[in-house]
Amino acid sequence: MADPPKIEALFRPKSVAVIGASGKPGKIGYAIMKNLVDYGYEGKIYAVNIKGGEIEISGRKFPVYKSILDVPDEVDMAVIVVPAKFVPQVVEECGQKGVKVLPIISSGFGELGEEGKKVEQQLVETAHKYGMRILGPNIFGVVYTPEKLNATFGPTDVLPPGPLALISQSGALGIALMGWTILEKVGLSAVVSVGNKSDIDDADLLEYFKEDENTRAILIYMEGVKDGRRFMEVAKEVSMVKPIVIIKAGRSERGAKAAASHTGSLAGSDKVYDAAFKQSGVIRAYTIGEAFDYARTLSNLPEPEGENLVILTNGGGIGVMATDAAEEAGLHLYDNLEDLKVFANHMPPFGSYKNPVDLTGMAGAESYEGAIRDALANPNMHSIAVLYCQTAVLDPRDLADIVIREYNESGRKKPLVVAIVGGIEAKEAIDRLNEEGIPAYPEPERAIKALAALYRWSRWKKKQKKE
């Protein structure tokens, strides 16, 4: 059997049709049209609805074609938003039209049981007969920020572009995560809802993102996989080039049953998944927060060239907490006092240049600037954690500006994470750093664990190369 067609048209379509388009706010067919228009998609957009007529979206008027076959031009991607019973006929017509890829938003298929799975299988057979691929069904759509493509009924706010691709098997959670990434300043290259995975699955998407120059890391919310062996092989291959973070739901017996009724997933034994992820170099996260914490370091920072971590802090307490977290995560605190002595230049006599380096509560802009610069310049210091408890001596936003300037001037050759504990100004400083692609957190443990995720991936890769 020939390889199935490539899925390029899912991310870079020259034209998009919405089948089931609507001019009524509140309808999914309206939301998808509005997102396509408002997000700035530059290709052609076609509205298709059996009712015909004309609709207006954000001031733009669209003629409504009664069938995809009536659209006068070529259509690369058709987003299907019609009730389940009409989907087989629409897929057939899309095949006749020469459409390349079909995101099927409609639900009412494999997640309902065996009968629905049979219909789903027929849809895939029809699609493959015409050389088409299906995404879904039971999804909320697809986003690809470099092409200003937002073919979803997710948030209308503009998603910040960035190097992370997000794949979600849950529609509602995926939509919520899109909103969350906007709030948390996480830049995305793509968001893909996979739903029932009748055709295009995680492995297909991993293969695409492996080659995608706009993606540096991949985050997956997963309930189960159809072809475990293929997924493992592809994940291992992709992990050698780009890191993959997975939140695997359905860990408990009850959770696995819930996953089966949600997307028709076979969740399988959690121990099997755990072992498979470790073999494939996948970084597993157990919560949404943890997954995005890891994704920040893995998508933005260079790999460490060695094991030596230096912690710079103005508070003994957070320094100790970070040290505990580093030890638990298997990170090595650099302890060569000859090298560390350089930090004595940036602290009062009662400060401590032993690692964690305590610049003391008196540390102002100059102390942090000098210490960060020296740590970045020393080839024996391979990674840096900058910690700060908010004091009256230094505004956290000024610290953020110092970190951004020093890190950029150093050429960003080492991993650097930041934790700032404080109030509103601390939150603003954290946002500013994250917008610049410097992972910043409100707690020291989160910064250290996220740095440890980068080390875990890097160590796995080195081990694979030796074997």
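Colleague: Between which two strands does the loop with proline 137 lie?

Modeller: Remember that you're looking at a predicted model, where local features need pLDDT of at least 70, side-chain atom pairs count only at pLDDT 80 or more, and totals for chains, interfaces and linings use all residues. Residues are numbered from 1 along each chain as its sequence is written, and side-chain values use heavy atoms, leaving out hydrogens and water. Strands (E, at least two residues) and helices (H or I, at least four) are DSSP runs, numbered from the N terminus. Proline 137 is in the loop between strand E7 (133-135) and strand E8 (141-144).

Colleague: What is omega for the bond joining glycine 136 and proline 137?

Modeller: Most peptide bonds are trans. The one joining glycine 136 and proline 137 is cis, with an omega of about -5 degrees.

Colleague: Which residue is joined to proline 356 by a cis peptide bond?

Modeller: Look in the loop between helix H12 (337-340) and strand E17 (357-358), where proline 356 has its place. Omega there is near 10 degrees, and the cis bond runs to proline 356 from asparagine 355.

Colleague: What is the phi of lysine 197?

Modeller: Find the loop between strand E11 (188-193) and helix H6 (202-211), and you'll find lysine 197. Its phi is positive although the residue isn't glycine, with a value near 55 degrees.

Colleague: Is lysine 197 buried or exposed?

Modeller: Buried means under 20% relative accessible area, exposed over 50%, and partly exposed in between (1.4 Å probe, protein chains only). Lysine 197 has a relative accessible area of 4%, so we call it buried.

Colleague: What is the relative accessible area of threonine 360?

Modeller: Threonine 360 sits in the loop between E17 and helix H13 (365-377). Here's another positive phi in a residue other than glycine, near 75 degrees for threonine 360. Threonine 360 counts as buried because its relative accessible area is 6%.

Colleague: Which side chain of opposite charge is nearest to lysine 242?

Modeller: Start from the loop between helix H7 (228-239) and strand E13 (244-248), which holds lysine 242. Lysine 242 is buried but has no salt bridge (a Lys or Arg side-chain nitrogen within 4 Å of a carboxyl oxygen of Asp or Glu). Counting Lys and Arg as positive and Asp and Glu as negative, with His and the chain ends not counted, the nearest opposite charge is 5.9 Å away, on aspartate 212.

Colleague: How far is the backbone oxygen of threonine 215 from a polar atom of the side chain of lysine 242?

Modeller: The lysine 242 side chain has a polar atom 2.7 Å from the backbone oxygen of phenylalanine 209. For the backbone oxygen of threonine 215, the distance to a polar atom of that lysine 242 side chain is 2.7 Å.

Terms used
Polar contact = N/O pair within 3.5 Å; in protein donor to acceptor, adjacent residues only side chain to side chain.
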